[in-house]
Amino acid sequence: MSKPVRIDQRLMQEGRRTRGTLYFGIGLGLAAGLLIILQAFILAHIVNGVSFEGLGLAAVMPLLWAMLALFVVRAGLSWAGELVAFRASASIKSYLREQLLKHLLQLGPVAIAGERSADIASTMIEGVEALEPYFSRYLPQMALVSLIPLAILVVVFPEDWISGLILLITGPLVPFFMVLVGYAAEAVNQRQWRKMLLMSAHFLDVVQGLTTLKIFGRAKDEIEIVARISDDYRRSTMAGLRVAFLTSAVLEFFASLSIALVAVSLGARLLQVHAAVTFYTAFFVLLLAPEYFNPLRGLSTHYHARMSAIAAAKRIFEILDMPLPEKPQPAEDYVHSQEISLVIRDLCFAYEPGRMALDGVTAEFPAGKVTALVGSSGAGKSTLANAILGFVHADKGEILVNGQMPLNAIDPQLWWRQLAWVPQNPRLFHGSIADNIRMGQADADLAALREAAKNAHALEFIEALPQGFDSMIGDLGQGLSGGQIQRIALARAFLKNPPLFILDEATANLDMENEALVLDAMQRLIQGRTAIVIAHRLATAERADHIVVLEAGRVAESGSHQELLAAGGVYARMVAAYRGEIHV
Amino acid sequence: MSDYWRLLKLFFPYKFWMLGGALLALLTILSNFGLLALSGWFLASAALAGLGGYATLNLYNFFLPAAGVRAFATTRVISRWLERVITHEATFRLLAQLRSWFYSRLEPLAPAGLQGYRSGDILSRLVADIDTLNNFYLRVFTPFLVAGLATLLMSGFFAFFAWRLAIALFLFLAASGLALPLLAERLGARSGAEMTNLQSEYRVQLVDGMQGMGELLTYGAGPEILHRSNRLNDAILQRQAKMAQISGLSTAGMSFMGNLAVWVILILAIPLIHGGHLGPSDLPMFALGVMGSFEAIVALPLAFQFLGQTRQAARRIFSVADSALPFPDASGPAPDVQKPDLLLENVHLRYPGSQQDALAGVNLQIKAGSKVAVLGATGAGKSSLANLLLRFYDYQSGTAQFGGHELKSFPADQLREFFAVVSQRSYLFHTTIRDNLLVAKGDAEEEELWKALAAAQLESFVRSQPDGLDTIVGEGGVKLSGGQSRRVAIARAILKNAPWLVLDEPSEGLDPITEMEFLRDLQPLMAGRTVLYITHRLLGLEQMDQVFILDEGRVVESGTYAELLKKGGHLSHFATFRNGVVGEKIS
């Protein structure tokens with residue numbers, strides 16, 4: 001229970017950003033509410049005049065014109081209110097989206113690796129969108145819900161204190177009972193909602209696994225299971241909903257019954273020879289009675305908006321609250337160098353306490369040489385690469401650039417400009433092939449582009465596409481193979497041509513022809529540069545100037561291919577085991 | 001229209017629930033109308049009686065209208081609650097009906113008939129469509145039916161007094177309920193469509209940004225992503241501002257029309273009352289009645305929005321459900337299989353909509369009990385072989401005999417009993433490990449499950465989980481590594497205990513060390529079974545009795561691995577290619 005309240009408070013803090021607009025919106029709503037009282041006043045006069053004073057149409061026409069004018073003004077206010085409400089939420093939405101993305105970019109790829117990207121995207125799009133009704137409807141309605149009924153009471157009491165009393169007593173009972181029934185119902189609703197999601201997820205699951213079910217001859221049985229689960233779900237949900245719907249029944253109960261009560265009590269008092277109330281008063285009060293409960297009705301509708309806003313806000317704040325790594329102030333005096341060497345000393349890193357990914361790694365990556373990182377999966381190769389890329393921050397130890405500058409004292413933007421990274425499954429981005437190769441080199445001309453593509457063995461297939469370099473990635477669908485994607489990513493690295501390369505050799509999803517082209521391009525890319533290659537193939541390691549073998553987060557041994565074979569350690573055993581397996 | 005008609009026919013078994021809910025909704029609206037109208041009339045007539053002195057007072061029956069007012073109020077409270085309970089109950093029943101109906105249409109189609117819908121994206125859209133259709137009853141059917149009936153009844157009530165009042169009310173309700181929302185929809189259609197496009201573009205950008213963040217950052221594209229995000233956000237907000245204007249117009253227009261209706265009715269009624277055609281107490285009744293009547297059409301703007309959505313959803317769902325069966329299934333008992341040999345002679349298989357044969361005259365023979373590998377590059381037709389065997393796709397010509405009988409003469413379900421399949425596409429359901437295993441053998445004892453897990457080298461992992469066999473896998477549970485999920489598939493194959501084992505690129509996508517362990521652990525499963533090992537790698541071929549090399553849908557070479565290496569044909573070309581230029585994997 002306390003949690004939604006805390007999120008409420010945080011949301012309202014965000015609301016301060018557009019306080020002025022919010023107040024303006026509330027003012028418009030209040031004005032519209034007050035005009036309703038005026039409207040009831042005029043209408044009561046017209047009806048009273050015609051029915052009890054025998055006036056004709058001509059006599060009440062001025063009042064009718066006044067009423068029509070009022071309608072127009074009210075419609076205008078309602079329209080303006082809608083626009084202002086939108087304005088209020090729009091700036092909050094923009095602000096939150098920008099904050100979210102900035103925060104995610106600062107967190108970096110490794111920190112968000114556990115988060116599903118589709119989930120983050122829908123938090124930023126639909127999640128932020130779900131906040132709109134909170135600011136544009138729920139908050140203003142919260143203000144109006146007390147102001148308008150109060151104004152109506154102020155008008156009704158002098159006219160007829162008995163009716164005023166009936167409204168005064170029944171009004172507050174509505175929120176009281178709604179809180180009583182509503183909070184329980186809210187908890188039930190949220191549980192049910194989650195269950196409903198599960199239910200539809202289950203159906204998707206079954207549909208996606210249909211082929212597997214068929215292989216096992218169980219596809220037909222699932223029809224019954226789908227029906228049964230739906231049925232179970234219906235039974236349990238309806239039990240909850242029957243209670244939840246009492247919320248609206250309570251509102252209806254007090255609203256309808258107090259209108260009936262006001263009407264009957266007024267009717268009884270009118271039925272006297274010297275009646276204490278006039279028809280005018282009675283009718284005026286009766287017109288206002290439904291309006292008295294209307295804001296409450298609105299509140300119960302927008303309560304739903306509040307609930308989904310809070311659910312969305314929870315996720316938004318979760319992301320915003322993910323802690324950023326602590327970084328010392330970047331030194332200013334780092335200048336670009338043509339050659340880069342790295343020295344790593346006693347580097348330790350754990351993704352979570354007790355699970356060391358790097359457990360005291362000490363290694364050297366000399367300038368102008370290709371170093372291969374070798375080890376089984378989970379040995380720490382990717383973590384080490386991520387540390388060098390600045391995506392994870394070591395718990396202990398340091399990485400020294402060119403012998404003296406600690407890596408974490410360099411502004412990441414400057415550091416990234418000095419290197420190119422090609423991951424195992426490179427990603428192409430929405431845009432043309434040219435955009436993708438030009439990434440980070442927006443001013444590169446077509447000749448440079450072709451040169452880079454040629455070096456990466458990508459030119460031939462790119463030019464074979466109908467639109468060539470201007471082909472849009474999204475439109476190609478499954479048109480590009482894994483190997484072609486790899487080659488475009490390599491072209492990107494060729495074009496950037498930095499002093500340091502970090503590559504994760506591709507293994508899976510390449511057929512044989514592609515594999516050869518990709519590996520050849522890769523070899524040519526790193527020749528004579530400082531390169532760190534996470535090697536998955538014997539040939540790659542063999543060709544490297546230097547090999548670092550990792551095992552369980554430590555450097556097991558290092559040296560050249562020949563040295564390591566001669567040493568007869570982990571690497572030699574790996575090679576032997578593999579050669580034994582494949583009978584070449 | 002015919003889509004809705006079909007939808008209604010589908011829902012026919014639940015007609016009483018549907019109509020019951022709608023009638024209660026109608027009752028709720030009419031009782032509000034009654035409450036307001038009667039209260040107005042009651043106050044005026046009571047006041048008139050009071051003014052008339054004792055004579056009229058004694059004639060005035062106070063209790064009947066007072067009781068009526070109370071009765072309307074009570075009815076409204078109860079019918080409102082019942083309406084919500086019944087309509088929701090009906091919605092759930094309809095949803096269950098829709099799901100099982102859709103599933104029963106989908107099941108015979110998979111996988112050949114669903115070829116165009118293979119990607120998870122489209123399937124999940126279909127499932128979402130079912131959820132959208134769920135709105136049809138609650139948000140489309142009921143509001144329209146209720147609004148129509150209530151409008152007729154309320155106008156009919158006014159007709160008792162004066163036709164012109166009834167016609168005015170009817171016209172106002174129709175204009176505000178139909179014309180106004182339609183106008184708003186027409187005005188907002190373009191911004192709405194643009195918004196959908198912008199949002200999906202935004203989503204693509206964000207997913208790109210998240211999944212490729214490492215590359216984007218190192219290429220210095222971080223600020224560019226922020227910039228693009230802001231630009232798209234602004235573009236979306238711009239459309240939304242337009243839509244807010246339109247929705248503001250429609251809300252304001254609706255309440256203005258309600259007010260205008262009161263105004264026009266007054267103008268029409270006042271001369272009638274002044275002229276003595278109608279009683280003075282009728283005027284407040286008209287005024288309040290008109291105010292109450294607009295509740296009937298309040299839900300219509302939303303109903304129009306859902307109308308469009310449900311129409312598209314229904315169209316997509318029906319078009320899938322109506323897909324023709326890819327090929328007829330054999331009926332009757334399966335032929336008797338003594339020895340499950342496979343013989344393919346000049347078999348041609350072409351996928352629907354394709355220009356080329358996937359299998360273009362394949363000849364091969366697999367004797368029961370032998371271990372056979374089929375090697376080939378992507379697109380050579382390897383997986384089509386598995387699709388042929390499992391009767392997922394039909395072959396157009398040639399002879400394909402299993403145990404001496406044509407494959408076409410087997411009912412697909414019974415043919416599949418001969419095969420256990422381990423492939424990279426083996427699907428893991430997002431449920432417990434136990435349920436995932438029981439898919440293979442519904443009546444397996446717990447002990448049997450553990451045995452299968454042990455044989456698949458997964459036992460210690462499952463034992464180490466706090467929930468053991470009841471550990472949930474996938475989203476919302478423990479995430480299994482690639483190797484572990486593949487082992488679940490092995491355990492299933494063990495449980496199924498079929499005479500044939502089809503390994504369809506079983507180790508694809510695993511890292512090299514896991515791959516080797518995995519292939520090693522497959523060995524015990526192969527013992528005593530006929531094995532068809534489909535691969536594009538050389539790994540593990542030496543253990544096979546025979547290797548067939550497939551190229552462009554034909555067998556181009558066959559023999560043992562050693563023979564083929566010696567022969568200097570395709571296989572040795574692959575081998576030198578791989579080992580000379582590329583090198584095998586070491587890590």
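The expected span of a helix is 1.5 Å times one less than its number of residues. In this predicted model, helix H2 of chain B has 37 residues and reaches 53 Å from its first C-alpha to its last, close to the 54 Å expected at 1.5 Å a residue. Of the 37 residues of H2(B), 29 are buried, so this helix is largely enclosed by the rest of the structure. H2(B) is followed by Gly53(B), which has a positive phi, near 85°.

Apart from residues up to four places away in sequence, Leu43(B) touches Ala263(A), Leu266(A), Gly267(A), Leu270(A), Phe279(A), Ala282(A), Phe283(A) and Leu286(A), together with Pro284(B).

The contact between the chains takes 128 residues from chain A and 129 residues from chain B. On the side of chain A that touches chain B, the largest share, 21 residues, comes from helix H3 of chain A, which covers residues 57-111. The residues on this side of chain A divide into 80 nonpolar, 28 polar and 20 charged. The model scores ipTM 0.83 and pTM 0.80.

Confidence was examined chain by chain. Chain A averages a pLDDT of 84, and 90% of its residues score at least 70. Within chain A, confidence is highest in helix H2 (residues 19-52), at a mean of 93, and lowest in helix H16 (residues 473-476), at 62. The pLDDT is below 50 over residues 580-584 of chain A, a stretch that has 5 contacts in the model beyond near neighbours in sequence. For chain B the mean pLDDT is 87, with 93% of the residues reaching 70 or more. Residues 580-587 of chain B have a pLDDT below 50, and this stretch has 35 contacts in the model beyond near neighbours in sequence.

Three domains are assigned in chain A: domain 1 (1-148 + 309-323), domain 2 (161-276) and domain 3 (342-582). The C-alpha centres of domain 1 and domain 2 of chain A lie 24 Å apart. For chain B, the assignment gives domain 1 (2-321), domain 2 (334-418 + 504-512 + 532-587) and domain 3 (420-497). In chain B, the C-alpha centres of domain 1 and domain 3 are 48 Å apart.

Leu106(B) lies in helix H4 of chain B, residues 63-106. This leucine counts as buried because it has 23 C-beta neighbours inside 10 Å, the cut-off for burial being 20 or more. In sequence Leu106(B) and Val320(B) are 214 residues apart, whereas their C-alpha atoms are 7.7 Å apart in space. Leaving aside neighbours within four places in sequence, Leu106(B) is in contact with Val207(A) and Leu210(A).

Ala420(A) is placed in strand S6 of chain A, residues 419-422, and counts as buried, with 28 C-beta neighbours inside 10 Å. A C-alpha separation of 8.2 Å is found between Ala420(A) and Leu503(A), which are 83 residues apart along the chain. Neighbours within four places in sequence aside, the contacts of Ala420(A) are Ala493(A), Lys496(A), Pro498(A) and Phe501(A) in chain A and Thr218(B) in chain B.

Val179(A), in helix H6 of chain A (residues 161-208), counts as exposed, because 12 C-beta neighbours lie inside 10 Å and the cut-off for exposure is 12 or fewer.

His457(A) is not a glycine, yet its phi is positive, about 60°. This histidine is in the loop between helix H14 (446-455) and helix H15 (459-464) of chain A, and is buried, with 23 other C-beta atoms within 10 Å. Asn346(B), likewise not a glycine, has a positive phi of about 50°. The asparagine belongs to strand S1 of chain B, residues 342-349. With 14 other C-beta atoms within 10 Å, Asn346(B) is partly exposed.

Terms used
Residues are numbered from 1 along each chain as its sequence is written. Chains are lettered from A and ligands numbered from 1 in the order in which they are written. This is a predicted model: local features need pLDDT of at least 70, side-chain atom pairs count only at pLDDT 80 or more; totals for chains, interfaces and linings use all residues. Two residues are in contact if their C-beta atoms, placed from the backbone, lie within 7 Å. Helices (H or I, at least four residues) and strands (E, at least two) are DSSP runs, numbered from the N terminus. Ala, Val, Leu, Ile, Met, Phe, Trp, Tyr, Cys and Pro count as nonpolar, Asp, Glu, Lys and Arg as charged, and the others, Gly among them, as polar. pLDDT is the predictor's confidence in each residue, from 0 to 100. Domain bounds come from an automatic or database domain assignment.
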